[in-house]
Amino acid sequence: MMLQTQRQCDSCRGRGFDLPDEKEIERSGTVHIPHGIKNGGKIILHGEGHSLPDYQKGDVAFVVRLKKHKIYHRKGADLGCQQTLTLCEALCGYEFRLKHVSGKTLIVKSQPGEVVQPGDLKVLSDYGLPQKGNHFVHGHLYIQFKIVFPMATSLSSNQKNVLKSALNDVEYPEIVETIELGQGSRVKVQLNATAAHKIYGRRGEMTAYGIIADEMRDDGEAWPVELDPIDGKGESRLVVVPAAWVEADDEVSRSHSEKEKK
């Protein structure tokens with residue numbers, strides 16, 4: 001048995017010809033990084049690469065890798081960060097300083113009567129990064145709030161009574177429960193005219209009912225749904241429909257659907 005191996009020629013470096021007077025030159029200089037460049041963006045220095053006889057000069061390409069910031073995260077030209085408020089600040093107002101990536105210090109204040117809930121966002125327009133190619137246009141800065149509550153042992157009975165008296169008569173927003181859809185969830189599906197005709201042979205848009213049969217498809221863009229038969233006749237139909245057509249079935253819809261099955 002004979003084994004063969006291949007490797008690049010040390011003399012010509014794989015070009016197929018040798019240049020006896022070839023030499024490497026080291027150069028240093030300044031590379032301009034444009035405003036708003038993204039991670040993986042390229043900066044090309046034209047004509048600064050290899051210079052070989054009878055060949056056009058090559059280019060030098062720099063690939064940008066962005067360092068993670070300890071405060072901000074980036075999405076396009078927008079910036080985001082988190083800010084922690086005490087319960088008192090969330091209810092009664094806040095003021096804090098924020099060091100911006102530009103080097104400026106921003107003073108962020110609450111609006112009169114503003115009440116902050118956990119997860120709320122405050123948007124500072126035009127305090128994001130400059131847009132690539134137009135550094136006069138900036139993205140926005142999004143501040144997401146986290147609320148910390150006092151330690152249980154730090155409140156006396158008198159303080160708790162004062163809080164109870166102060167908060168007992170205030171108005172609270174209506175809590176709307178949201179149902180997370182998943183396999184086995186009872187749903188209603190808004191079918192367009194084409195889908196209604198193809199599935200049920202009916203003309204025009206219609207609302208159908210059924211059960212989600214499996215996990216989401218197409219990267220969260222579609223649900224496989226086992227649709228109920230119309231008027232309790234025929235068999236159920238397994239279809240895959242856009243997620244935008246599907247919503248949780250409320251009590252009225254369930255009653256209507258059950259009547260159709262009977």
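The structure is a predicted model, in which local features require pLDDT of at least 70 and side-chain atom pairs pLDDT 80 or more, whereas totals for chains, interfaces and linings use all residues. Residues are numbered from 1 along each chain as its sequence is written, and side-chain values rest on heavy atoms, with hydrogens and water left out.

Val170 is located in the loop between α2 (157–167) and β11; helices (H or I, at least four residues) and strands (E, at least two) are DSSP runs numbered from the N terminus. Val170 is classed as partly exposed because its relative accessibility is 36%, the limits being under 20% for buried, over 50% for exposed and in between for partly exposed (1.4 Å probe, protein chains only).

Strand β11 is largely enclosed by the rest of the structure, since five of its six residues are buried. Its antiparallel pairing with β12 comprises six bridges, where pairing requires at least two DSSP bridges between two strands. Within this pairing, Leu191 has Met206 of β12 as its bridge partner. Strand β11 also pairs in the antiparallel sense with β15 (residues 246–248), over three bridges, and Lys188 stands opposite Glu247 of β15.

In helix α3 (residues 193–200), the buried residues are Ala195, Ala196, Ile199 and Tyr200. These residues lie on the same side of α3 because they cover an arc of only 100° around the axis, as given by the directions from the helix axis to the C-beta atoms. Thr194, His197 and Lys198, on the other side of α3, are exposed. The buried residues of α3 pack against β11 (186–191), β12 (206–212), β13 (222–227) and β14 (237–242), contact being defined by heavy atoms within 4.5 Å. Just after α3, Gly201 adopts a positive phi of about 70°.

A further antiparallel pair consists of β8 (residues 130–131) and β9 (residues 134–138), joined by two bridges. Pro130 has His138 of β9 as its bridge partner. In this hairpin, two residues separate the strands, and Gly133 takes a positive phi near 90°.
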